Structure formats: structure tokens, C-alpha cells
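User: Please take a close look at the aromatic rings in this model. I would like the pairings and their surroundings in one connected answer.

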Protein chains: 2
Amino acid sequence: MATLGTVGEKALVNEIVKNSHSRVALGPGDDAAAIKIGDKCIVVSSDIMSKKTHASEGMSYYDIGWFAAAVNYSDVAAMGAAPIGILVSLFMERDLEVSCFREMMRGVRECSDAIGAEILGGDTKEGAGIVISGTALGIVDEKKMLKRGGAKPGDLIGVTGPIGTAAAGFFAVQSNIDAPGIKKSLFTPFPRTKEGCVLSDSGYVTACMDVTDGLAYSINEISRHSGNVYFEIDWEKIPITEETKDVIRRTNSDELETVLYFGGEYELVFTFDPLGEEYLRKALGGNFYIIGEAKGNDNVMMKSGKPVKLEYRGWEHFKS
Amino acid sequence: MATLGTVGEKALVNEIVKNSHSRVALGPGDDAAAIKIGDKCIVVSSDIMSKKTHASEGMSYYDIGWFAAAVNYSDVAAMGAAPIGILVSLFMERDLEVSCFREMMRGVRECSDAIGAEILGGDTKEGAGIVISGTALGIVDEKKMLKRGGAKPGDLIGVTGPIGTAAAGFFAVQSNIDAPGIKKSLFTPFPRTKEGCVLSDSGYVTACMDVTDGLAYSINEISRHSGNVYFEIDWEKIPITEETKDVIRRTNSDELETVLYFGGEYELVFTFDPLGEEYLRKALGGNFYIIGEAKGNDNVMMKSGKPVKLEYRGWEHFKS
């Protein structure tokens with residue numbers, strides 16, 4: 001008999017959302033559901049995590065709360081929506097210190113405050129271990145909403161910040177390396193909601209998603225959802241911090257694997273009309289890096305003059 | 001040090017939502033959050049449950065899925081909103097049969113179909129045991145939205161269906177009594193979204209909530225949220241099925257405790273202007289029972305001519 005381990009998370013999530021339609025403005029597979037209200041869309045995204053299996057070693061209760069909020073807001077950001085707020089459902093043990101609960105909620109609240117959103121509601125139940133489920137909501141003009149599909153040949157592709165940071169943070173924790181900057185990216189990623197709104201408002205952006213499942217996966221997703229528009233990425237242009245490079249070296253990690261496939265980070269990757277380059281550079285300030293272009297007939301990365309295939313894989317629960 | 005067991009669920013949920021305001025049309029303590037979009041409100045409610053601690057003995061995977069959806073839709077119903085759909089986040093073990101996952105999702109889908117809603121999205125993660133977190137959304141005209149507060153002296157108070165059914169279903173399961181009707185109420189409660197819309201559309205309803213935490217608790221909630229309007233309930237008028245009475249007798253259960261305090265059921269309790277009685281009776285068909293009136297200065301139930309205090313307590317997680 002088939003078990004979940006043989007099927008994998010992405011197939012399961014597809015099963016959950018199959019048959020959705022009618023009032024829903026977006027089919028399955030995008031970062032969030034979108035519900036049309038007049039000419040606006042409410043975007044909604046749910047994400048569930050447990051302290052035991054999803055919190056990185058070294059994360060505090062505050063970090064867990066922040067993280068749970070941030071991953072949900074990141075899905076809202078990926079649609080170009082302005083965040084409204086979050087509902088938080090918690091499973092906790094009866095003998096958990098109230099202070100731990102409060103620290104988690106402080107994390108959720110400060111992450112929400114930081115992006116101008118708020119806590120809308122929630123639920124708590126008694127259970128074994130700690131499970132935190134968030135549902136974030138945002139709002140965007142229907143016409144401006146960003147999707148995974150929409151990229152066109154000739155578009156440029158960009159990211160809002162350094163890549164490989166969460167992976168390096170993870171390796172740093174594992175190897176007891178002091179690297180506060182990248183650990184912060186791993187533990188308390190900052191959701192790119194402001195950048196998401198800039199992208200959707202600009203009118204130049206053709207597709208967008210976040211990099212949760214790894215850069216290579218995201219690029220392949222945009223490629224597939226855009227009707228097989230392909231991308232050529234330039235390795236030299238992918239922003240990677242010195243701290244990340246240092247940790248990769250010191251832990252003998254595979255550089256390509258770390259940057260392309262590890263994921264767990266919350267920058268946005270987006271495609272745009274080249275006419276918008278100057279506007280976006282100005283509007284996004286330092287959070288704008290062009291890493292490639294839509295061209296060719298496969299998703300590849302040029303490194304030292306040679307193409308490396310960008311494989312359509314990334315982090316996936318259940319499968320391993 | 002304080003642990004969650006000393007604080008209780010309701011205090012924790014209040015802590016989660018404290019400080020909410022701005023775009024949120026409702027303060028903490030109502031059945032769902034409400035977000036204003038023009039003259040409409042999107043209502044959103046989250047609820048989390050685990051198979052181990054919240055599923056009743058004898059529930060199938062299908063029932064668990066249905067139940068998880070129904071409890072969320074019930075919160076949408078209590079606001080008088082038309083249901084839109086649900087997001088479902090699941091924690092499951094890696095070695096769970098895929099068929100169990102599919103049965104759960106069939107339960108969610110059939111419950112959604114039954115009320116004209118749909119599955120909007122979801123998330124799955126690997127974890128110990130099964131945890132299912134739902135977030136239901138609905139839409140209602142802001143002016144028509146039902147709240148816990150709003151009842152006035154002289155209002156009548158009604159319910160949409162029989163009370164004590166889930167409690168009796170629970171006792172029947174415990175004692176191996178064959179009582180299919182009430183077990184169905186316990187395992188696969190039918191969310192009163194249709195009735196909720198009738199209530200909000202009528203213009204006569206002044207307050208509403210569901211009976212999840214028990215009838216006495218709900219009445220006290222409406223009383224408190226309405227600025228201390230009090231109710232006198234008539235025991236003879238509370239609808240209780242013959243099957244429920246039979247199970248109460250056969251299990252030697254306390255009748256008052258079962259009907260007033262057990263909860264776990266999803267009928268709506270609502271107050272309304274007496275002028276609306278005829279309209280509501282017609283519009284709600286068989287799902288309309290007047291059980292009392294807003295009068296006096298305490299919440300009481302008349303039984304055999306004597307008042308019995310309706311205590312402000314009900315089911316609460318963590319505390320026991």
C-alpha cells in the first residue's frame with residue numbers, strides 16, 4: 001500500500017486543492033489562494049510547522065513564532081499583496097511554561113508589526129509537542145496580483161536579496177560556527193511584503209514566487225507555469241554574502257547545492273519586462289539583483305562559461 | 001512558574017488576539033475575525049485539532065476531515081456569513097497510508113460541497129500523529145454581520161436545532177449504545193451556514209454564536225458581549241431529541257450537565273426582535289426553536305417553576 005513517504009508533499013498538496021474553482025481567482029499551485037471581492041483579491045495562505053521537526057536547532061520560542069508568521073507572510077508577499085494579518089493556531093503541551101507561549105506570540109506579533117500587519121485571531125489546543133499553524137491574509141488589486149505564470153521570452157529575472165543564506169545558516173548551526181547574520185536569516189527571515197507590493201505596483205513584473213523550496217525549484221516553477229518560457233541564469237550574478245561563502249568553505253559544503261537547491265529562505269524571485277529595470281532598481285533600492293534572462297529552451301545556469309542544468313527539485317516533506 | 005494548564009484556553013486565545021484593531025472589524029472574542037473590504041466583510045476563522053486528543057472514539061478518517069471543516073464553517077455561520085471555502089493544513093506521519101489522507105480530504109471536500117464552499121488551499125508536513133488545522137473564510141455585508149454582542153431586553157432567544165446531541169453521542173460511544181442519529185451529530189456535525197445567512201439577512205437578529213462550548217456558556221457570552229442583557233431560558237422549550245433523552249437515561253448521565261454544559265455541538269444560538277418571529281419561523285423552517293427571552297438580571301433557566309442559574313462555564317482545553 002502507498003504511504004505518504006512514497007508520494008511526497010507536493011503531490012499531496014495538489015490533491016488538497018484539486019477541483020478548486022469558482023470564486024477562487026487562482027488555481028492550485030500558486031503561493032496562496034486568492035478570492036475575488038469586486039476588483040480586489042484577498043490572498044490567503046496557510047502553513048503548518050512543528051517545533052520538533054521544523055524548527056532549526058538553536059531557535060528560541062520567539063524565533064519559532066517569528067518564523068511561523070514570516071513563512072506565511074512570504075506567501076502573501078509572493079502574490080504582491082499588502083499584508084493584512086495572521087491567524088495563529090497552536091498545539092501545546094499542558095505543562096508548557098506560559099512564558100514560552102508568550103515568547104512565541106511575541107515573535108508572531110513583532111514579525112507582524114514589522115511589516116504593518118496584525119494578529120487577527122487564533123486557537124489553542126492541548127497536544128503533544130508544539131505545532132503552530134498560521135494563516136496569513138493580504139489584499140491586492142486583482143489586476144496587479146502576481147502569479148507564478150506570466151513570464152515572457154526576453155524578460156529579465158531578479159531576486160530581492162542574497163541566496164543560500166538560510167542553507168549556510170543551517171550549516172553554521174550544525175558546525176557551531178559563529179555567523180550571526182546568516183543565522184538571523186535562518187531563524188527570523190524578514191518577509192518581503194514591501195518588495196512584493198513594489199513589484200505588483202510597478203506594472204513591469206510578469207511572474208513572482210518566493211524561494212522557500214530553493215532557487216532552482218522556483219525558476220522551474222515559473223518556467224512551467226509560464227508555458228515553458230526558459231531561463232538562463234548567470235552564476236556570477238547570484239548575490240551570495242561573504243558570510244555565506246565563508247561558511248560554505250569552512251563546512252566543505254557543495255556550493256551549487258547550497259545556493260540552488262537547499263531553500264528555506266524567503267527572498268522573492270521575479271521576472272520583469274526589461275523596460276522596468278530602472279524603475280525597479282530605484283523602487284527596490286538595495287533589494288534588487290538581476291540574475292538572468294528568459295531565453296533558450298532549457299533552464300540553465302552559466303558557470304565559468306558552461307551551462308549547468310537547473311534541476312526541477314527542491315526541499316520536499318515526506319520524501320527523502 | 002505558570003504552565004498552560006493553570007491558565008486555560010480562553011485566556012490564551014485572548015492573549016493571542018489582544019491589540020488587534022485597525023482593519024479588523026471585530027475585537028477579540030468573537031467567533032471569527034472580520035476584515036472590511038468596502039461594504040463587505042471577509043470573516044476568517046482558524047481551528048486546530050489532533051486525531052489523538054480531539055477525535056472521538058469511533059471516528060473514521062473521513063469523519064475527522066468532515067469534522068475539521070465543519071467546526072470552522074460553524075464559526076463562519078455564527079457571523080451570518082456565506083461560506084467561501086477552507087484552507088487545510090495537515091501534519092501526518094510518513095508511514096500513514098495515502099488512503100487515510102484521501103479519506104480525510106474527502107471528508108473536508110464533502111462537508112464543503114454540502115454547504116456550497118470549496119477547498120482553497122493547504123499545506124502538509126511530516127510530524128508525529130495527525131494534526132489538522134483549518135481556516136474557513138466567508139463573506140457578509142458589514143452591516144449584516146452577526147456578533148456576540150447586540151441583544152436587547154425584550155429580545156427572544158432561539159436555537160437552530162436540538163441541544164445535548166453531541167454529548168449524548170459521546171456517552172453512547174463510551175457505553176457502546178447504538179444511537180446512529182446522535183453519533184452522526186457528534187462525528188459529522190452539519191454546519192449551520194444556511195441558517196446563519198438567513199439570520200443575518202433577516203434584519204431581526206441582534207446577536208449570534210454557535211454552541212461549541214455549551215449552551216450555558218454561549219448564553220453567558222451573548223449576555224456579557226451585549227452589555228449585561230440577561231436571559232431567562234425555559235427548560236421545557238429546549239429541543240432535545242428522544243434519542244438523546246434515551247441515552248441520558250441509559251447512561252445515568254446528568255441531564256442538565258449534558259444539555260447545558262457539555263457543548264461540542266454546532267447549532268447556532270441567537271437573539272432577535274420579537275417582531276421577527278413569524279419571518280424567522282418561516283425562513284428557518286424546522287430549524288427554529290425559541291427557548292427564552294431577554295429579561296431579569298441574571299442568566300437563569302426555569303425548570304419546574306424554579307430558576308436554575310446558568311453558570312458561565314463550558315468546555316475548555318488545558319484546564320480540567
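Analyst: This is a predicted model. Start with Phe170(B). Its relative accessible area is 28%, so Phe170(B) is partly exposed. Phe171(B) has a relative accessible area of 18% and is therefore buried, because the cut-off for buried is under 20%. These two residues form an aromatic pair.

Now the wider tally. Over all chains, there are 22 aromatic pairs. One of them joins Phe67(A) and Tyr266(A), again edge-to-face. Here the distance is 5.9 Å centre to centre, with 85 degrees between the planes. The two partners come from distant parts of the chain, 199 residues apart. Phe67(A) belongs to helix H4 (residues 61-78) of chain A. Tyr266(A) lies in the loop between helix H11 (255-261) and strand S9 (268-272) of chain A. Phe67(A) is buried, at 12% relative accessible area. Tyr266(A) is buried too, at 8%.

Chain A also holds a ring cluster. Tyr62(A), Trp66(A) and Phe190(A) are linked into it by ring pairs.

Last, charges over rings. In chain A, the ring of Trp235(A) has the charged end of Lys303(A) over it, 5.0 Å from the ring centre. In chain B, the charged end of Lys303(B) sits over the ring of Trp235(B), also at 5.0 Å from its centre.

How values were computed
Residues are numbered from 1 along each chain as its sequence is written. Chains are lettered from A and ligands numbered from 1 in the order in which they are written. This is a predicted model: local features need pLDDT of at least 70, side-chain atom pairs count only at pLDDT 80 or more; totals for chains, interfaces and linings use all residues. Side-chain values use heavy atoms; hydrogens and water are left out. Rings of Phe, Tyr and Trp (its six-membered ring) pair if their centres lie within 6.5 Å; planes under 30 degrees apart count as stacked, over 60 as edge-to-face and the rest as tilted. Helices (H or I, at least four residues) and strands (E, at least two) are DSSP runs, numbered from the N terminus. Buried means under 20% relative accessible area, exposed over 50%, partly exposed in between (1.4 Å probe, protein chains only). A charge sits over a ring if NZ of Lys or CZ of Arg is within 6 Å of the ring centre and within 35 degrees of the ring normal.
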